[in-house]
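Subject: Handover of the model and notes on two interfaces

Dear colleague,

I am passing the structure on to you with this message, and my notes come after it. Please read them with the coordinates open.

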Amino acid sequence: MQLGKVIGNVWATRKEDDLKGLKFLVVKPELPEGTSKEDPFIAVDRIGAGVGDQVLVTRGGAAANMSTEPKLPIDALIIGIIDSIDVEKERGEG
Amino acid sequence: MQLGKVIGNVWATRKEDDLKGLKFLVVKPELPEGTSKEDPFIAVDRIGAGVGDQVLVTRGGAAANMSTEPKLPIDALIIGIIDSIDVEKERGEG
Amino acid sequence: MQLGKVIGNVWATRKEDDLKGLKFLVVKPELPEGTSKEDPFIAVDRIGAGVGDQVLVTRGGAAANMSTEPKLPIDALIIGIIDSIDVEKERGEG
Amino acid sequence: MQLGKVIGNVWATRKEDDLKGLKFLVVKPELPEGTSKEDPFIAVDRIGAGVGDQVLVTRGGAAANMSTEPKLPIDALIIGIIDSIDVEKERGEG
Amino acid sequence: MQLGKVIGNVWATRKEDDLKGLKFLVVKPELPEGTSKEDPFIAVDRIGAGVGDQVLVTRGGAAANMSTEPKLPIDALIIGIIDSIDVEKERGEG
């Protein structure tokens, strides 16, 4: 999974039928420590994430493994809103 | 998902049997703000997108999760035509 | 999907059982306009493509969505032989 | 699969329902010999890996192929804790 | 699919239950002609490949489409051992 910050919304009235009602957010990739050079992308949100939230995102085919629906044609899903990240400082590897 | 602009069409008479009748469009990747350096690619369209439209595209295995058909061997599907994108200006992160 | 040109063949006698009889071709990625910097890769062909043909290729998990077989462990499938590509010249975007 | 070292933990109370109880670790990619330039990412662990362990990670849609659960929306799974890696020195290729 | 050369082995005693007994090899990516700049990765082998063999590898979700087992959490599978590769020299494209 990938970390990111929600930075916006996307609206699309005309879309594949199965996707009616889904919320699409713009996510800017982040790293556990510092910034990412990856491009922003669009992810589906079902857990109430909003602009400014740091989120955990699943990308690729697995994003469609959502519990209540049939498999949808989506390739990015916000699966969690981050409480905290704890990264060990590197010292004496291995 | 990824934003893009439809810039052309692809015709292929000889193809895998299950793909007869599908429309293939050339999509140039775009970012929520500004241009993308990614290469153009080919996506299936079932919602009536045309040249000049800004679209939302699902790539990878999930593109095959289309409602009415069995799973097809396609790896990019136009899932929406963009009405608007709203991106927050960065100020006071977090 | 991705455009490419067939530039060769690969032979492998010893292989996963389900893959007996499949044809493996070397494909050089191309763009709708101009050349691609991506590396050549190997794709399965079931529609009679040959060296010199410009083809449309599905990559990743969806390549295994072939109609008549069970799902096979392949990640690239030639799905069409290109008749023509029509790309709009950029002028007055949007 | 990809090698990596576990360097931290991620906590997210609010998440997709199916993911309650899963452990999310920060993994720094490694190569069989030497360091990797790839960005750290977040992976699910069910085999008891901890900070400092060198692990084998499956990424993408296959990460969801876990034995006991239905398919979950996760795209990285720690599948093994490395005992040893044995790489041949290059000499007289082929 | 991707070409590569087997350059080593990986051992992991503690792993996801479904993966007991599988052989994990280190594969160095190769191109049909010349060397690749891609990083080595780890692939499952079930066809008896060994160090020094040139192999054909399926990566991503499709690697889990193995005939005899349920779908496993693996993202790279050696599907063939290369006998020969035949690439046309470029002359008079199209």
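The notes below take the interface of chain D and chain E, and then that of chain E and chain C.

Please bear in mind throughout that this is a predicted model.

Between chain D and chain E, 31 residues of chain D are in contact with 32 residues of chain E, and the area buried between these two chains is about 2500 Å², with carbon and sulfur atoms giving 53% of that figure. On the side of chain D, the residues D:Met1, D:Asn65 and D:Ile79 supply 25% of the area that chain D buries against chain E, which is more than any other three residues supply.

As for polar interactions, one salt bridge is found across the interface of chain D and chain E, in which the side chains of D:Arg46 and E:Glu16 meet at 2.6 Å, N to O, and there are 15 residue pairs in polar contact, both residues being at pLDDT 80 or more. Strands E5 (54-59), E6 (76-81) and E7 (84-87) of chain D each supply at least two residues of the side that touches chain E, and E6(D) gives the most, with five residues. The residues on this side of chain D divide into 16 nonpolar, eight polar and seven charged.

Turning to chain E and chain C, the contact takes 32 residues from chain E and 32 residues from chain C, and the buried area is about 2500 Å², of which carbon and sulfur atoms give 54%. Here E:Met1, E:Asn65 and E:Ile79 supply 26% of the area that chain E buries against chain C, more than any other three residues.

The count between chain E and chain C is one salt bridge, formed by the side chains of E:Arg46 and C:Glu16 at 2.6 Å, N to O, and 15 residue pairs are in polar contact across this interface, with both residues at pLDDT 80 or more. Strands E5 (54-59), E6 (76-81) and E7 (84-87) of chain E each supply at least two residues of the side that touches chain C, where E6(E) gives the most, with five residues. The residues on this side of chain E divide into 16 nonpolar, eight polar and eight charged.

Finally, four bridges join strand E1 (residues 2-11) of chain C to E7(E), and these strands run antiparallel, with C:Val10 standing opposite E:Ile85 in E7(E).

With best regards

Methods: Residues are numbered from 1 along each chain as its sequence is written. Chains are lettered from A and ligands numbered from 1 in the order in which they are written. This is a predicted model: local features need pLDDT of at least 70, side-chain atom pairs count only at pLDDT 80 or more; totals for chains, interfaces and linings use all residues. Side-chain values use heavy atoms; hydrogens and water are left out. Contact means heavy atoms within 4.5 Å. Buried area is the accessible area (1.4 Å probe) that two parts lose on being put together, summed over both. A salt bridge is a side-chain nitrogen of Lys or Arg within 4 Å of a carboxyl oxygen of Asp or Glu. A polar contact is a pair of N or O atoms within 3.5 Å; within protein, one must be able to donate a hydrogen and the other to accept it, and residues adjacent in sequence count only if both atoms are side-chain atoms. Ala, Val, Leu, Ile, Met, Phe, Trp, Tyr, Cys and Pro count as nonpolar, Asp, Glu, Lys and Arg as charged, and the others, Gly among them, as polar. Two strands pair if DSSP finds at least two bridges between them.
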